[in-house]
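Me: Could we go through this model together, one question at a time? I'd like each reply to finish on the name or value I asked for.

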Amino acid sequence: MLADQQILRLPGPSPIPPSVSRAMAQPMIGHRGQSTADLLGDIRPGLKKVFGTSQEVLILTASGTAALEAAVVNTVSPGEEVLVVVTGAFGERFADICKAYGIHPHIVETEWGKAAAAEDITEMLQAYPAIKAVFMTYCETSTGVLNPVKELAEAIRKNSEALVIVDGVSCIGGVETKMDDWGLDIVVSGSQKAFMLPAGLAFIAASERAWHIIETNRQPRFYLDLKKHRNNLLKDATPYTPALSILFGLKQALMLMEEEGLEGVYARHQVMMKMARSAFKALGVPLLTSDEDASPTVTAIRPEDFDAEELRKILKEEFAMEVAGGQQQLSKKIFRIGHMGYCSPADLLQAIAAIEIGIVKAGKKIELGSGVCAAQQVYLNGGMSR
Ligand SMILES: *Cc1c(COP(=O)(O)O)cnc(C)c1O
């Protein structure tokens, strides 16, 4: 096997573009100097566009979970009730964070692999009018579901004053997000998924309505106090030492998105989703989610006549290609292909071709090339152009 090649088809961490790697290799600078202020000044408008907001998108030096925790500790106080929409492992994480802080989560859970439904949320909001916030996952990475957050937010707004809090860690930057237009109050993301960066930055933006609550919320917090982060960012600064190398990379990654155009970025992810899905349909290998519920950034496959773990092992050993396994109740039952950020239709054709070999070696009879062919046809019909 070729040494020094890694093919990351995980739903995070995702591959880094060479120009982003080069940007991150720049010599270190002082974080209180003008160069850092200029860097943050360059980054702020680009991040706002990706989030679809006129609010500041705050940058924490942490993994994505810290921004989930920030969303909880800044908006809800101990003893208060919230609703957590659970469609998989990351919805559960929101509920766990709430419990850790003495907040009472009501749970509305779907079968894993299905998207959340507005009616179920409405029912809970009517049954428990004291609910202060609704926590939901945009792309549920553990199942490959894209929840219809625009519709869900609409239903919440119609029935309640509760804040709408969205975890978009595994799709923002790859999927359209219109925080302001959709009435989302808190939106969270992280660097190592569709943003084409290493782990280490977490992003969080809050609406006017949310800022009102953040300013008076009784929950103790220190590093994650968003007021400090906003006051500093408005002056192109951070309250504590930022991860400067990743910020160099972020500036470049935002430039790449700008160059391709956000519409182009979203269209590319849509085409990759359709290519992946049509390939497994042609191969006769079941997908975990329906077409309507599927995420453009990650595809979950639930094989019936070969072992998902064996396939993953073959891909890793023979092609240095990593796809993800299942989490929690889906452990060993599914595999997941990440197609987010620095991933192109050509990369996906490569992944499908290698996976076909893996499926044969794992013991299932297929017609070699039939998955690749289906994906090629989607590409040709999808009108993807450079
Ligand atoms: C990756 C991910 C997170 C954050 O995980 P970290 O490991 O803390 O970066 C949160 N939510 C979702 C949906 C994710 O995919």
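Me: Which residues come nearest to the ligand?
Reply: This is a predicted model, where local features need pLDDT of at least 70, side-chain atom pairs count only at pLDDT 80 or more, and totals for chains, interfaces and linings use all residues. Residues are numbered from 1 along each chain as its sequence is written, and side-chain values use heavy atoms, with hydrogens and water left out. There are 13 residues around the ligand, each with a heavy atom within 4 Å of the ligand. Those that come nearest are Ser 63, Thr 65, Thr 141, Asp 167 and Lys 193.

Me: How far is a polar side-chain atom of Thr 141 from an oxygen atom of the ligand?
Reply: A polar contact here is a pair of N or O atoms within 3.5 Å; within protein, one must be able to donate a hydrogen and the other to accept it, and residues adjacent in sequence count only if both atoms are side-chain atoms. Asp 167 places a polar side-chain atom 2.6 Å from a nitrogen atom of the ligand, and a side-chain N or O atom of Lys 193 is 2.7 Å from a ligand oxygen. For Thr 141 and an oxygen atom of the ligand, the distance is 2.4 Å.

Me: What percentage of the ligand's exposed area does the protein bury?
Reply: Accessible areas come from the Shrake-Rupley method with a 1.4 Å probe, and for residues only the protein chains shown count as cover. Taken alone, the ligand exposes 380 Å². Of that area, the protein buries 88%.

Me: Which helices each supply at least two residues of the shell around the ligand?
Reply: Helices are DSSP runs (H or I, at least four residues), as are strands (E, at least two), numbered from the N terminus. By class, the shell has three nonpolar, seven polar and three charged residues. The helices in question are helix 3 (64-75) and helix 4 (89-100).

Me: Why does Arg 268 count as buried?
Reply: Buried means under 20% relative accessible area, exposed over 50%, and partly exposed in between (1.4 Å probe, protein chains only). Arg 268 lies in helix 11 (residues 262-283), and its side chain reaches the backbone oxygen of Gly 341 at 2.8 Å. Arg 268 counts as buried because its relative accessible area is 10%.

Me: Which backbone oxygen lies 2.7 Å from a polar atom of the side chain of Arg 277?
Reply: Arg 277 lies in helix 11 and is buried, with a relative accessible area of 6%. Its side chain reaches the backbone oxygen of Ser 290 at 3.3 Å. The backbone oxygen at 2.7 Å belongs to Thr 289.

Me: How far apart in space are Thr 122 and Ala 155, C-alpha to C-alpha?
Reply: Thr 122 sits in helix 5 (residues 118-127) and is buried at 16% relative accessible area. Along the sequence, Thr 122 and Ala 155 are 33 residues apart. In space, their C-alpha separation is 6.4 Å.

Me: Is Lys 313 buried or exposed?
Reply: Lys 313 is in helix 12 (residues 308-319), with its C-alpha 23 Å from that of Ala 346. The relative accessible area of Lys 313 is 54%, so this residue is exposed.

Methods
Ala, Val, Leu, Ile, Met, Phe, Trp, Tyr, Cys and Pro count as nonpolar, Asp, Glu, Lys and Arg as charged, and the others, Gly among them, as polar.
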